[in-house]
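Biologist: Could you walk me through this fold, slowly please?

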Amino acid sequence: MKADNFNLQDYCARIGYTETLNADLPTLQALMRAQLFSVPFENLDVQAGKLVSLELADIVKKIVYNPRGGYCYEVNSLFAIALDAVGIDYYLVGARPMFYPTRRARTHMVVIAKINGEEYLCDTGFGSFGIRAPLALSAVNQSIQQDDDVFRLACSDGKNFTLQALTKGEWVNQYGFDLYPHELLDFIPANYFNSKSPDAVFVQQFLVVKHDELGRTILSGNRLRRVEKGESTLTELSPEAIFTTLKTEFGLTPESSV
Amino acid sequence: MRSTFSLDDLQLFHRVVQQGSLRAASKVTGIPSATLSRRIKNLEQNLGCRLLERSAHHFSLTDMGRHYFNQCGPLLDDLQSIAEDLDIDQHSLSGVLKITAPVNLTQQWLGKCFFEFMQAYPKIRLQLVLSNRYENLVEQQFDAAFRIGGLRDNSWIGRRIGCINMGFCATPTYMTAAPTLQHPRDLLQHHLIVADPIDIWALTHQQTGEEFSLTPQAHFRSSDIWVAMDAASANLGVTLVPSYYFTHPHYEHRSLVSVLPEWQGAQRQVNLLYRDRQAISARLRAFIDFVVLWEDKHSFS
């Protein structure tokens, strides 16, 4: 994917990436972590009643230059554009979020990058328990430590994968996917659902996640959760404190009434 | 004990006894005698005892009524004087104002405004709580709050009193030895000094409107802006700080110069917040008006 207004140098400045750029695994790993640690997952536009744009130029302008975050289609599209610019091969796949009590549609979008014949799951925008570095698709059914988190890519048939996270000693399903390549426009219905449906969690409440070297900070509704070294602390916020927190914790300025 | 008697009825009873007759009380209060009589009966019913012995032309107090009158009189006077005090308090330019404001903004800029306000209104006492953190305005009973950034809570009234611009600075010594710096893109090659919590630099070119954003890889990071300025003064690199620091008297001693002067960080509004546009006290009204006027003359941006 390419966007006319995408400039690799500006993208690197936005995500604070100062290493060299090559079409190799160290670059893929460092790029994903740099974007994950600097671009928050956020649904401020949905909360403001907008339909999120999947136009690549809009995504680049919003995240690289404004500078905002976005939800999965936006941040993972931006990541795909960057991989394209670096010369790393990739394709998009649809993923089924699995932390809901009932089975849901494949509304999540992730990137599968290809380097030297090996494929890697990349995801810079999952609102729940997201991976923190690329996961090799060959490393299935084994615990993989990423910082203080432990993940597992469960797969029994060689085709269908389930990303699991170890939470309080138990494997919890995050999302399932297969490797059928999608185009970004295949996610237009899912994007509409996530922007406009009263059943979509993004429509119901603020959902903002920012990862950093030490852990992650999650705002969902009025609950601010900080997860660091496996320890989790929870704070309940007043409406005004939500507003302040978006600024101080996530660097975001929602449209204000003043 | 019945508790549902009306304070109004009690006041009317008190007034009737003071005046000595229903007719005299009616003249003073403008309330018809029949109504006064009914209200006192109502009070007696609620209290469960008779206060007055009535005859065709006059009344006298029962023992219970006299006792009640004597006990209640001073309390009613107290209530009256409390209400009058409240009125004076609300309308006079004295008493206490409790205000909260950010630490740095007050040290660099707003402090002077507060001191001048104190001189203009010597009877008003100012209690200032300085904090860079979110303070609960209601629980801590602030009359007004200075806040950087917007506000979502519609129960507060916000008045924009200024705007903070963010600019880059470094020492000439650092700049001479460092790579060229003509566009913020070049900052990637520089040592960067970051003052938390500003961990993303969203920049705009003042003439062209070009936008550029940078997540600075901090060479030195400090949670205090003064320390970040000190680090820049020690030739450690380039920093982005509120430009009102540039106008501080100490700034001249710091050998820092503005770099990338045409590029500025995201502007942040300074708002003065208060509640209840109608029931606002005279001293708070004086304070708000003073701050707004002062800001006009002493804008830092």
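Biologist: In what order do the eight strands of chain A run in the open sheet?

Modeller: This is a predicted model, in which local features need pLDDT of at least 70, side-chain atom pairs count only at pLDDT 80 or more, and totals for chains, interfaces and linings use all residues. Residues are numbered from 1 along each chain as its sequence is written, while chains are lettered from A and ligands numbered from 1 in the order in which they are written. The order in chain A is 5-4-3-2-9-8-7-6, with antiparallel pairing; strands (E, at least two residues) and helices (H or I, at least four) are DSSP runs numbered from the N terminus, and two strands pair if DSSP finds at least two bridges between them.

Biologist: Which are the edge strands?

Modeller: In chain A they are strand 5 (135-136) and strand 6 (143-146), each of which pairs on one side only.

Biologist: And how many bridges join strand 2 and strand 3 of chain A?

Modeller: Strand 2 (residues 89-97) and strand 3 (residues 108-115) of chain A are paired over seven bridges in the antiparallel sense, and A:H108 in strand 3 is the bridge partner of A:A95.

Biologist: Switching to chain B, at what angle do helix 1 and helix 3 pack?

Modeller: Helix 1 (residues 7-19) and helix 3 (residues 33-47) of chain B pack at about 120°, with axes 9 Å apart; axes are lines fitted to C-alpha atoms, for helices over the stretch in contact, and angles run from 0 to 180 degrees between N-to-C directions. Helix 1 of chain B is therefore oblique to helix 3 of chain B, given that angles under 35 degrees count as roughly parallel, over 145 as roughly antiparallel, 65 to 115 as roughly perpendicular and the rest as oblique.
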